[in-house]
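Colleague: I am new to this structure, and I would like to understand the words used to describe it. Could we go through them together, setting each value against its cut-off?

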Amino acid sequence: MSTIPDPLADGDAAAPAPAAPAPDTPAPAVRLGAEGLKPVSPRLIPARRLAAAIPCAILLAAAVGCVVVGVLADLWWMHLVALLPLVIAAQWILLTGRRVRAIGYLDREDDLVVAKGLMLRSVTVTPYGRVQSVEVSEGPIQRRFGLASLSLSTAATAADADIPGLPREEAERLRALLAARGIDRMQSL
């Protein structure tokens with residue numbers, strides 16, 4: 001227990017009271033594996049929204065169908081059922097940006113780190129010496145936005161990594177880097 005002298009009791013000039021210790025402020029929360037990661041291209045956001053257009057249209061048609069059946073058959077609860085496809089479509093459209101910004105990668109000296117996910121965050125660290133194949137692929141929507149996906153596989157299928165939404169040049173650079181470093185690491189074993 002610390003006591004602070006009362007300046008009025010002593011009659012001396014008031015000495016400054018010692019500062020109260022600052023409360024422990026927690027460090028800002030950092031997502032698992034987020035330190036130093038390179039983000040994927042922001043052009044992946046409109047690409048994924050465009051890819052979700054057809055499934056969202058199907059969900060919208062299902063919602064309209066539920067409302068029509070509810071009106072024609074006088075079933076009030078079908079209007080509630082119509083909300084489910086609308087909620088699913090809305091989360092696809094609204095959360096796409098957050099999901100894309102949660103994807104990151106880092107090519108370090110000895111391994112490749114890939115992090116994904118918002119609620120279920122996963123961080124995959126793949127040593128270059130374990131890489132068996134590297135593939136760059138692009139679909140029609142990715143091609144329209146100038147993007148490509150890089151996927152690599154190892155002997156352990158659980159350690160496979162996939163990086164969507166890379167600019168084509170970056171995907172080719174990573175493919176060449178992973179192949180070269182993988183060969184170098186395998187020769188040193």
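Predicted model: local features only at pLDDT ≥ 70, side-chain atom pairs only at ≥ 80, totals over all residues.

Colleague: Why are helix H3 and helix H5 called roughly antiparallel to each other?

Modeller: The axes of H3, residues 53-72, and H5, residues 83-101, cross at roughly 155 degrees and come within 8 Å. Angles over 145 degrees count as roughly antiparallel, and H3 and H5 are therefore described in that way. The crossing in which H3 passes H5 is left-handed.

Colleague: Which residues make that contact, and what is its make-up by class?

Modeller: On the H3 side the contact is made by Pro 55, Cys 56, Leu 59, Leu 60, Ala 62 and Ala 63, while H5 contributes Pro 85, Leu 86, Ile 88, Ala 89, Trp 92 and Ile 93. By class, the contact of H3 with H5 has 12 nonpolar residues, with no polar and no charged ones.

Colleague: What makes helix H2 oblique to H3?

Modeller: H2, residues 44-51, packs against H3 at an angle of about 40 degrees, and their axes are 4 Å apart. Roughly parallel would need an angle under 35 degrees, and roughly perpendicular one of 65 to 115, so H2 is oblique to H3. In this contact Arg 49, Leu 50 and Ala 51 of H2 meet Ala 53, Ile 54 and Pro 55 of H3, and by class there are five nonpolar residues, no polar and one charged.

Colleague: How do you know whether strand S6 is largely enclosed or open?

Modeller: Buried means under 20% relative accessible area, and six of the eight residues of S6, residues 147-154, are buried, so S6 is largely enclosed by the rest of the structure.

Colleague: Which strands pair with S6?

Modeller: Strand S5, residues 131-137, is joined to S6 by six bridges and runs antiparallel to it, with Val 136 standing opposite Leu 150 of S6. Strand S7, residues 161-167, also pairs with S6 in the antiparallel sense, over five bridges, and here Ser 151 stands opposite Asp 162 of S7.

Terms used:
Residues numbered from 1 in each chain as written. Heavy atoms only, no water. Axes fitted to C-alpha atoms, helices over the stretch in contact; angles between N-to-C directions. Helix = DSSP H or I, 4+ residues; strand = E, 2+ residues; numbered from the N terminus. Left-handed = near helix turned anticlockwise from the far one by under 90°. Contact = heavy atoms within 4.5 Å. Nonpolar A, V, L, I, M, F, W, Y, C, P; charged D, E, K, R; others polar. Buried < 20%, exposed > 50% of the residue type's maximum accessible area, 1.4 Å probe, protein only. Pairing = 2+ DSSP bridges.
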